[in-house]
Amino acid sequence: MLKSAASKGQGSTRHTKKGWDAQSSSPARKLESSQSKSFVKDEKHTLDKIDRDSSYSASTKLSSSASSRSNSKQKEGQSSAKSKFCQLSEELDLEERYFPLLDYLSTFGLKESHFVQMYERHMPSLQINVESAEERLEYLLSVGVKHQDIRKIILRQPQILQYTVENNLKSHVSFLCSLGIPGSRIGQIITATPSLFSYSVENSLKPTVKYLLEEIGIQEKDISKVVQLSPQILVQRIDNTWNTRLNFLMKELDAPRQSIVKMVTKHPQLLHYSIEDGLLTRINFLRSIGMRNSEILKVLTSLTQVFSLSLEGNLKPKYMYLINELRNEVHSLTKYPMYLSLSLDQRIRPRHRFLVSLKKAPKGPFPLSSFVPTDESFCQQWAGTSLDKYLDFRQRLLLKDLAKKYERP
């Protein structure tokens, strides 16, 4: 019994010990686990810190490298500009701080000889900062001026580099738009007449338009057309000679003012032609070939640019070809005045000779209407052949005529 009790006691002791071991070993494992997790956490934190430090270091190195490259390029650019314009600087006594401007303008095709020309014409145009020049030229590009035309504009009007966008360029562009000129044509007008920006909108440009409307008699709806045909008219000095030319034509041709105004609307340059050497000589030529005043007026009203054509190099040769080769009368010009504006070598003679070679030229006077359509339409309607065949014929004819022109006597 005692033994049994002892045995039970031992069993109880073992059970108790086992239970204690179980209880005491759990905190130990927790401590060990906690220490393990703490170690992992510390290790991860350390690795993260190493990664961040490495990343920062790499980023710093990259940033420093990029900055270094940028500074290096900038220094190279400055060094390049300095070496490029060093001699020019000495020649023009130009400060080094304006070299970036010269470098920028070079991107538009301006060379050292151009800078000398600009300096001689208007020295201050080369003494502005490059940022201002960029702003002004970028504005001109934005309103339709072509990149390749910037050089021509600057050389003709170097002062344009000094005209501010807000106080000058925009106001002049707005004025052109107010005349009804399409935005697509603004750039062409600026290119043709860059000096426009040197004239006051209120004191010069608007009075010129007013004179054209009230004194010359141009219709308001036609002002846009007149300016597009001859932008220079806006910057021409207003004087009595404009009206003098109109009165001369009215009297010489016995024509109503409305007919002469129609001529000016079609060809505004008429207001600037010399009366004796320009207007009268061409009127007298048309009279000399048998035209009456009424026929001359009809031709000039329809094709006013006759006044701009050379007598010896254009009008006379076409008249001789009309009479001798085409077997036409001079009065046919009143029906087809366009004949006088066409190229004798590129259109009139090739088409006539081509139809003759095909034996398709009509008997009697050659029809001037065959010169009016495009080459493709001419081939379809008159020649009944391919465009390539006609173009080949024309090319051979031009080469033959050229060889005759330069062959030795």
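Arg136 is buried (under 20% relative accessible area, where over 50% is exposed and in between is partly exposed, using a 1.4 Å probe and protein chains only), yet Arg136 has no salt bridge. A salt bridge here is a side-chain nitrogen of Lys or Arg within 4 Å of a carboxyl oxygen of Asp or Glu. The nearest side chain of opposite charge, Glu135, is 4.9 Å away; for charges, Lys and Arg count as positive and Asp and Glu as negative, while His and the chain ends are not counted.

So what does the side chain of Arg136 reach at 2.6 Å? The backbone oxygen of Leu161. Arg136 lies in helix H4, residues 130–142. Helices are DSSP runs of H or I with at least four residues, strands are runs of E with at least two, and numbering goes from the N terminus. Not counting residues up to four places away in sequence, Arg136 also touches others, including Ile128, Tyr163 and Leu169, where contact means heavy atoms within 4.5 Å.

This is a predicted model: local features need pLDDT of at least 70, side-chain atom pairs count only at pLDDT 80 or more, and totals for chains, interfaces and linings use all residues. Residues are numbered from 1 along each chain as its sequence is written, and side-chain values use heavy atoms, leaving out hydrogens and water.

**The whole chain**

You'll find 17 helices and 0 strands here. Of the 409 residues in the chain, 38% are buried. Take contacts between residues at least 6 apart in sequence: 69% of them join residues at least 24 apart.

Helix H11 (residues 257–266) has several buried residues, among them Ile260, Val261 and Met263. What covers the buried residues of H11 includes helices H8, H9, H10 and H13.

**Charged pairs**

Side chains of opposite charge can pair when their charged atoms come close. The count comes to 10 salt bridges, and here are some of them.

| Pair | N to O distance |
|---|---|
| Lys221 and Asp222 | 3.5 Å |
| Glu312 and Lys316 | 2.7 Å |
| Asp375 and Arg351 | 2.8 Å |

Glu312 and Lys316 sit 4 residues apart in helix H14, so about one helical turn separates them. Glu312 counts as exposed at 56% relative accessibility, and Lys316 as partly exposed at 33%.

Through shared partners, salt bridges join Arg351, Asp375 and Arg394 into one network.

Which residues does Trp382 contact, leaving aside its neighbours within four places in sequence? Among them are Leu355, Lys360, Pro367 and Pro373. Trp382 and Ala361 are 21 residues apart in sequence and 8.9 Å apart in space, C-alpha to C-alpha.

Now for the backbone. Arg327 has a positive phi of about 55 degrees although it isn't a glycine, and Arg327 is found in the loop between H14 and H15. Lys359, another residue other than glycine, has a positive phi near 60 degrees. Lys359 is in the loop between H15 and H16, and counts as exposed at 79% relative accessibility.

Notes
Polar contact = N/O pair within 3.5 Å; in protein donor to acceptor, adjacent residues only side chain to side chain.
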